[in-house]
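I opened the notebook to record a few local features of the backbone and of the packing. The model comes up first, and my entries come after it.

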Amino acid sequence: RRIAASMATTPKVAQKNVTVVDGSQRYVTDLDQEEFLVFEDGVKQDLTFFTRRQQPIALSLLLDSSASMEQHLPILQTAAGNFVRRLKSEDLAHVIDLHRQVEIRQSFTSNHVELAAAISQMQAGGSTSLHNAIYIALKELAKIRAVSEEDVRRQALVVFSDGEDTSSLVSFDEVLDLAKRSETAIYTIALRGADVQTKGFREAEFVMRTLAQETGGRSFFPGRIEDLDSVYSQIADELASQYTLGYTSKNARRDGAWRRIVVQVTRPSITPRAKRGYYAPTSR
């Protein structure tokens, strides 16, 4: 199995993107292959692929434009626009407008001008269909298929919302299952308001944290809308600072079971972060 998904019967190299930080949360980018250890269900795996060179990205950018965002939308648009301008020429991204309906404002493109224009055209209104939007974004990312080894892309989903889901038809369990089956790292941003102790915010925080933790992404909870530019910059820096590791699983069973992955590094006082596992292929 390839962590970029394969139904072939021959074993494939599983590729895994790993972020490594030190105690001050600075990215560590000078590790060698010998300093990484990968375990699948407790069994040490033999790395057959390693690179610090960044593969191009397929990125889904989800932006909450529900009615509660009316006052904050211009700042969100500026921060998100700055973010897409940092993407490299070989990266692909699309823009999804998240409100009562889920609208793909811009299909996948490497054109920064078109992406920024789609962001600037958003208008606030309606309720929040967070689960629906994430589900659709994951399905769209799954359509990005590599035609060669050189065309393999890392996949990332960056979602901003200022509150709980109020109108989705898709459940959180369905979204989480699809996320764990995907090859997408999810980065979540939830704006903290004055009502952080409410049941609605606690539920939204749980959703955001869980999706990020299970997929090897990261969650952010800025207290001010003005902090968004810094948050998007941190995500861009992380995407530019990752390692890609590859191995062929020693477990040849095609049983569809969840396989837990743990990545460790031998250098002291630094911490790796990666997706927590994958579902094994089936014999079908």
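**Ground rules.** I am working from a predicted model, in which local features need pLDDT of at least 70 and side-chain atom pairs count only at pLDDT 80 or more, while totals for chains, interfaces and linings use all residues. Residues are numbered from 1 along each chain as its sequence is written, and side-chain values use heavy atoms, with hydrogens and water left out.

I looked up the strand order and found an open sheet of four strands, arranged 4-11-1-13 with antiparallel pairing. Strand 4 (47–51) and strand 13 (270–273) are the edge strands, each pairing on one side only. From one strand to the next the twist averages 30°. For my own reference, helices (H or I, at least four residues) and strands (E, at least two) are DSSP runs numbered from the N terminus, and two strands pair if DSSP finds at least two bridges between them. I then followed strand 1 (residues 14–22), which runs antiparallel to strand 13 and is joined to strand 13 by four bridges. Within strand 13, T271 is the residue that stands opposite V21.

**Helix pair.** I next checked helix 1 (residues 73–85) against helix 6 (residues 228–239), which pack at an angle of about 20° with their axes 9 Å apart. Helix 1 is therefore roughly parallel to helix 6, a term that covers angles under 35 degrees. The axes are lines fitted to C-alpha atoms over the stretch in contact, and angles run from 0 to 180 degrees between N-to-C directions. The contact (heavy atoms within 4.5 Å) involves L76, A79, A80, N82 and F83 of helix 1, together with L228, D229, Y232, I235, A236 and L239 of helix 6. I sorted these contact residues into nine nonpolar, one polar and one charged; Ala, Val, Leu, Ile, Met, Phe, Trp, Tyr, Cys and Pro count as nonpolar, Asp, Glu, Lys and Arg as charged, and the others, Gly among them, as polar.

**Positive phi.** Most residues other than glycine have a negative phi, which is the reason I noted two entries here. D41, although not a glycine, has a positive phi of about 50°, and sits in the loop between strand 2 (36–40) and strand 3 (43–44). With a relative accessible area of 45%, D41 is partly exposed. S269 is likewise not a glycine and has a positive phi of about 70°; the loop between strand 12 (258–265) and strand 13 holds S269. At 68% relative accessibility S269 counts as exposed, since buried means under 20% relative accessible area, exposed over 50% and partly exposed in between (1.4 Å probe, protein chains only).

Key: Parallel < 35°, antiparallel > 145°, perpendicular 65-115°, else oblique.
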